[in-house]
Amino acid sequence: MNKLENIKRIRILVSGLVQGVGFRPTTYRYAHEFLLSGYVSNTPEGVTIEVQGISKNIDAFVKKLLSSPPPLAKIIDFDIEQINTEEESDFVILHSSSYGNKKAEISSDIAVCKDCLLDIEDKTNRRYLYPFTNCTNCGPRFSIIQDRPYDRNQTSMSVFKMCEDCQKEYDDPKNRRFHAQPNACPKCGPSLILLNSTGSVEGNHDDLIGRTALLIKEGKIVAIKGIGGFNIVCDPFNNNAVQRLRFNKNRPSKSFALMAKDLMTIQKYCYVSDKEQQILESKETPIVLLRKKNNLLDSISIDNNYLGFVLPYTPLHHILFRSVDVLVMTSANKSDEPIAINDEQINFLMKEKIVDNSLTHNREIINRCDDSIVQVIGDKLQVIRRSRGFVPAPFNIGATTWGNNLSMGADLKNTFSIKKGNKVYISQHIGDLNDLRNYDYQKEEIEQLSKLLDFKSDRVNIDAHPGYQNYDDDYNKVYHHHAHVLSAMAEHGLLGKNVLGVICDGTGYGTDGTIWGFEFLEVESDYRKFKRRHHLKQFLLPGGERAIDEIDRIAISISSKTERSIFIEKTRQEQIMAILDKKINCIKTSSLGRLFDGVASLCGIIQKVNYEAQAAILLQRYAEFFNGELKGAYTVLIDNEELNYEPMIKELIADINNGVTVEEIAYKFHVWVVDSITSVINKIKSEYVVFSGGCFQNVLLCNLLEKKMICFDINYFFNNEIPINDAGISLGQSLL
Ligand code: ZN
Ligand code: ZN
Ligand code: FE
């Protein structure tokens with residue numbers, strides 16, 4: 001028998017997240033292990049592998065590659081075809097070719113790995129304390145990529161020519177830095193620059209980071225260049241610095257995020273469950289909202305019982321935290337505009353005296369990406385802001401009927417989405433489009449992400465709200481709450497099923513031209529349509545938009561003339577009554593967010609908010625302080641399709657007048673919302689229920705609801721990885 005008969009050659013096309021994650025060196029190692037010849041190469045579609053050798057070795061190779069791919073890889077397609085054998089004796093890694101479609105997924109930015117941390121802690125290592133250390137298992141990706149395929153010359157690392165030592169690692173398939181595109185060392189890579197008001201300070205990396213730590217300890221406010229943008233950093237225990245930062249950013253009470261040295265430090269201030277620990281330490285390293293243990297950091301988070309903590313995710317952070325424990329770590333901007341990513345923007349913030357100093361560097365940020373924010377409810381993840389670490393990984397949504405489209409999202413917490421076939425790419429956090437700088441940023445990012453994804457489509461989906469920035473008569477309009485329901489249905493594989501969508505939200509334009517927000521929408525197998533089955537009884541917002549900030553206007557609107565809150569002055573009451581009587585600029589709404597506002601005002605908690613959702617956040621905080629036995633519950637009244645809040649408000653005002661504590665009333669109101677939801681669910685009896693909308697960021701509300709839902713024999717879902725707030729709207733739109 002001829003020995004050659006057992007020799008065969010196959011070609012494998014792999015697509016998915018296979019570039020920038022060490023796929024080629026792993027393939028190389030496995031090919032050598034099974035004595036195969038051939039090659040592996042990055043292509044715009046992903047990775048192409050050809051292997052030749054004994055049949056059973058080839059099978060073993062394929063099995064191993066599929067069962068133990070590199071830890072960061074995600075294989076979506078794996079096509080094998082048998083081809084003619086060739087004369088060769090070695091397995092090699094070929095240089096990337098750049099033809100064809102751009103199918104390979106782009107990796108998101110990944111927190112520094114344990115091996116790289118060992119390198120920077122080792123005095124004898126040439127990367128000792130080098131803040132830009134990375135390898136194929138970690139480091140910047142999306143934030144530095146200009147185009148695909150992912151190769152050094154298509155990233156902002158292209159300006160740094162590797163030194164001999166780095167090049168050797170880069171070329172060595174057995175090395176952890178083999179083809180690590182951002183590979184760098186102190187000799188050849190990016191370097192730090194410390195800026196003060198008069199110019200730059202000289203020094204080596206270690207020295208500059210040490211000086212930065214000293215400046216922070218002295219009470220200075222410092223901008224530090226991170227992965228997807230600059231952060232503003234200060235000492236959370238220096239009251240002067242915190243107050244100055246609040247003033248500079250025009251942020252009188254909204255919470256700041258914190259970065260802590262390690263898990264133990266976080267546990268000094270917050271409770272951390274196993275699930276929360278796992279997320280804090282994950283490769284995405286988002287900010288995790290955690291329940292406070294004590295009031296040690298109350299000046300950082302005034303309005304609620306939670307603190308947002310993130311662990312260090314770059315070598316620079318780790319080196320900085322050798323001499324500090326906890327730092328305020330917030331986006332570098334004046335208020336709501338896009339986070340600063342370059343020296344020009346940081347110089348502006350320094351000139352405006354928003355920040356005192358800046359620790360910057362010369363590795364350019366190509367794609368801006370804010371820190372992501374998540375929380376854990378029960379044992380389930382809830383992504384609040386899906387940005388660094390997550391973007392641009394796509395969602396697989398099964399439904400392909402409508403092909404490709406671009407979906408522009410909502411105006412608040414904006415993201416946009418690009419749908420290509422059955423994959424939807426949600427953009428990074430863009431922000432509030434009413435700030436036109438964010439609107440421009442959205443335009444730029446649409447262009448950039450379209451280029452990266454080789455995307456073109458004439459079909460554009462927008463929110464149906466005619467006042468929104470992207471509104472255009474020619475575009476396809478999607479109702480806000482339909483999009484919320486679809487986002488949850490898509491995430492949980494429910495497209496095509498009969499689903500009841502329960503919406504608890506702030507603002508969404510409805511089919512009748514009013515503002516919706518507490519809705520029960522039925523979506524049948526044709527998910528392009530919906531029926532509004534129930535909704536909160538509408539009330540007026542006197543003065544329109546102004547009632548969103550001046551929430552006492554809502555309190556007057558939802559309470560009757562005879563029963564009125566003691567917390568609003570008589571003359572003010574009369575002014576607002578006059579507006580209501582004459583119906584001057586009064587908008588009709590069924591929004592639950594606005595009902596929370598009105599109740600917070602009636603309880604005397606707050607009358608004028610300084611950021612979105614502040615009243616609801618405060619009401620939640622008070623409710624969470626209640627720990628007694630609840631006596632009775634507010635009346636749930638369902639009149640035909642209307643959920644009538646009036647009896648509840650009447651009883652609530654009676655409670656206030658009878659001296660029931662604010663904590664108890666706030667708690668009782670949360671229970672009323674849950675009772676209302678479950679009463680309607682009981683009436684409609686749908687097999688599947690999804691919950692979506694910004695009000696579900698309220699942990700107490702979700703916990704109370706879960707407790708009641710487990711008593712029903714119904715499959716119910718909340719959004720988890722797709723934001724439950726308006727950042728998830730663009731994905732919902734993309735299904736239509
Ligand atoms: Zn690494
Ligand atoms: Zn080097
Ligand atoms: Fe919404």
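In this predicted model, Cys 185 has a relative accessibility of 2% and therefore counts as buried, since the limit for that class is under 20%. Cys 185 is one of four residues that hold the zinc ion (ligand 2), the others being Cys 163, Cys 166 and Cys 188. The angles among the four donor atoms lie at 104 to 119°, and the site is tetrahedral. The ideal angle for four tetrahedral donors is 109.5 degrees. Along the chain, the donors of the zinc ion (ligand 2) follow the spacing C-x2-C-x18-C-x2-C. Cys 166 belongs to helix 4 (residues 164-171), whereas Cys 185 is placed in the loop between helix 4 and strand 6 (192-196), so the pair ties together parts that are 19 residues apart in sequence. Cys 166, with a relative accessibility of 0%, is likewise buried.

A further zinc ion (ligand 1) is coordinated by the SG atoms of Cys 113, Cys 116, Cys 135 and Cys 138, at 2.3 to 2.4 Å. The site of this zinc ion (ligand 1) is tetrahedral, with angles of 103 to 119° among its four donor atoms. Its donors are arranged along the chain with the spacing C-x2-C-x18-C-x2-C. Distant parts of the chain are linked by the pair Cys 113 and Cys 135, which are 22 residues apart. Cys 113 is found in the loop between strand 5 (91-93) and helix 3 (114-121), and Cys 135 in the loop between helix 3 and helix 4. Cys 113 is buried at 12% relative accessibility, and Cys 135 is buried at 0%.

The iron ion (ligand 3) has donors of another kind: NE2 atoms of His 480 and His 484, and OD atoms of Asp 505 and Asp 726. Asp 505 is listed with two OD donors, and the distances at the site run from 2.0 to 2.8 Å. In sequence, the donor residues of the iron ion (ligand 3) are spaced H-x3-H-x20-D-x220-D. His 480 lies in helix 12 (residues 480-491) and Asp 726 in the loop between strand 31 (715-718) and helix 21 (729-734), so this pair ties together parts that are 246 residues apart in sequence. His 480 is buried, with a relative accessible area of 0%. Asp 726 is also buried, with a relative accessible area of 9%.

The lining of the second largest cavity consists of six nonpolar residues, seven polar residues and one charged residue.

A cis peptide bond, with omega of about 0°, joins Arg 148 and Pro 149, and Pro 149 is in the loop between helix 3 and helix 4. Another cis peptide bond joins Val 391 and Pro 392, with omega of about 10°. Pro 392 is placed in the loop between strand 16 (380-385) and strand 17 (395-396). Lys 583, although not a glycine, has a positive phi of about 55°; Lys 583 is located in the loop between helix 15 and strand 27 (586-589) and is exposed, with a relative accessible area of 57%. Asn 640, also not a glycine, has a positive phi of about 50°. Asn 640 is in the loop between strand 28 (637-639) and strand 29 (642-644), and its relative accessibility of 67% counts as exposed.

Ile 566 occupies the loop between helix 14 (552-558) and helix 15 (570-582), and is exposed at 59% relative accessibility. Beyond residues up to four places away in sequence, Ile 566 touches Ile 656 and Asn 657. The C-alpha atoms of Ile 566 and Ile 653 are 9.0 Å apart in space, while the two residues are 87 residues apart in sequence.

Methods. Residues are numbered from 1 along each chain as its sequence is written. Chains are lettered from A and ligands numbered from 1 in the order in which they are written. This is a predicted model: local features need pLDDT of at least 70, side-chain atom pairs count only at pLDDT 80 or more; totals for chains, interfaces and linings use all residues. Side-chain values use heavy atoms; hydrogens and water are left out. Ala, Val, Leu, Ile, Met, Phe, Trp, Tyr, Cys and Pro count as nonpolar, Asp, Glu, Lys and Arg as charged, and the others, Gly among them, as polar. Donors are N, O and S atoms within 2.8 Å of the metal (3.2 Å for Na, K and Ca); water is not among the atoms, so sites may look incomplete. Four donors count as tetrahedral if all angles lie between 85 and 135 degrees; four count as square planar and six as octahedral if opposite donors are over 155 degrees apart and all others between 65 and 115; anything else is irregular. Helices (H or I, at least four residues) and strands (E, at least two) are DSSP runs, numbered from the N terminus. Buried means under 20% relative accessible area, exposed over 50%, partly exposed in between (1.4 Å probe, protein chains only). Contact means heavy atoms within 4.5 Å.
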